[in-house]
Amino acid sequence: MLDLIKKTRSYRRFNNSRKLDAEFMSGLVDAARLSQSGANAQPLRYVTISSEEMCSKIYPELRWAGRLKDWDGPVEAERPVAYVAVYADTEAPSVAMPQVDSGIAMQNMCLYAMAKGVGSCMIGNCMKKEINALLGVGERYNLLWIVAFGYPVENVVLTDCTGDVAYYRDAEGDHFVPKYTAKDVHLASF
Ligand SMILES: Cc1cc2nc3c(=O)[nH]c(=O)nc-3n(C[C@H](O)[C@H](O)[C@H](O)COP(=O)(O)O)c2cc1C
């Protein structure tokens with residue numbers, strides 16, 4: 001499980017010619033809907049997108065790797081082949097905790113995908129109004145996140161953080177992600 005967690009990185013370059021089928025997409029919805037939920041209120045709803053036509057409409061509304069100032073996002077051949085839009089139902093009971101629930105549901109989708117060799121990237125920086133207009137879900141649902149999926153074509157490497165948490169790429173295009181060490185984050189053990 002720890003190996004799977006280590007592999008489940010944010011991937012932003014994919015093989016656009018390897019598509020994902022309907023069974024995979026409904027597996028993602030299962031991974032999300034079966035997740036833990038505060039008060040079991042289950043306030044989240046999902047839209048899956050895997051048609052080439054809709055993927056090409058969604059892509060321009062997403063913002064990639066804000067810390068990589070000289071990179072605008074993947075070239076056409078390396079764009080995601082599927083997305084899941086994660087919505088909160090505004091009519092869910094007031095005990096619902098959609099922000100927390102959505103983190104859990106997204107991570108379960110990403111783990112499910114990675115276990116099948118499929119990479120993912122959670123995206124919060126996106127043009128929500130424009131995406132809502134494209135997907136036509138209606139005002140009852142509040143778009144929280146988009147999760148992108150595809151078979152990765154990049155190496156993402158975890159490193160021990162030595163001060164700066166900023167991720168970076170080297171000349172070969174490998175992507176490095178500094179993480180605090182256990183010593184940094186593990187305050188105490190009794
Ligand atoms: C809540 C959340 C929102 C994110 N939004 C974006 C985003 O808008 N664009 C993007 O390229 N990456 C986004 N990411 C990916 C983070 O940049 C990524 O998790 C971070 O760089 C650490 O890399 P790792 O996921 O491989 O550990 C987001 C991640 C999370 C958890």
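User: Into which domains is the protein divided?
Analyst: This is a predicted model, in which local features need pLDDT of at least 70 and side-chain atom pairs count only at pLDDT 80 or more, while totals for chains, interfaces and linings use all residues. Residues are numbered from 1 along each chain as its sequence is written, and side-chain values use heavy atoms, with hydrogens and water left out. The bounds come from an automatic or database domain assignment. The protein is divided into domain 1 (2–154) and domain 2 (155–190).

User: How much area do domain 1 and domain 2 bury between them?
Analyst: In terms of contact (heavy atoms within 4.5 Å), 13 residues of domain 1 meet 11 residues of domain 2. Buried area is the accessible area (1.4 Å probe) that two parts lose on being put together, summed over both. Of the area here, 56% is on carbon and sulfur atoms, and the total is about 1,000 Å².

User: Which residues of domain 1 lose the most area to domain 2?
Analyst: Three residues together account for 55% of what the domain 1 side buries. They are R9, R67 and E154.

User: Which strand gives the most to the shell around the ligand?
Analyst: Strands are DSSP runs (E, at least two residues), numbered from the N terminus. Strand 3 (119–123) and strand 7 (175–179) each supply at least two residues of the shell. With three residues, the one that gives the most is strand 3.

User: How far from an oxygen atom of the ligand is a backbone N or O atom of A65?
Analyst: A polar contact here is a pair of N or O atoms within 3.5 Å. The side chain of R9 has an N or O atom 2.8 Å from a ligand oxygen atom. For the backbone N or O atom of A65, the distance to an oxygen atom of the ligand is 2.6 Å.

Terms used
A polar contact is a pair of N or O atoms within 3.5 Å; within protein, one must be able to donate a hydrogen and the other to accept it, and residues adjacent in sequence count only if both atoms are side-chain atoms. Helices (H or I, at least four residues) and strands (E, at least two) are DSSP runs, numbered from the N terminus.
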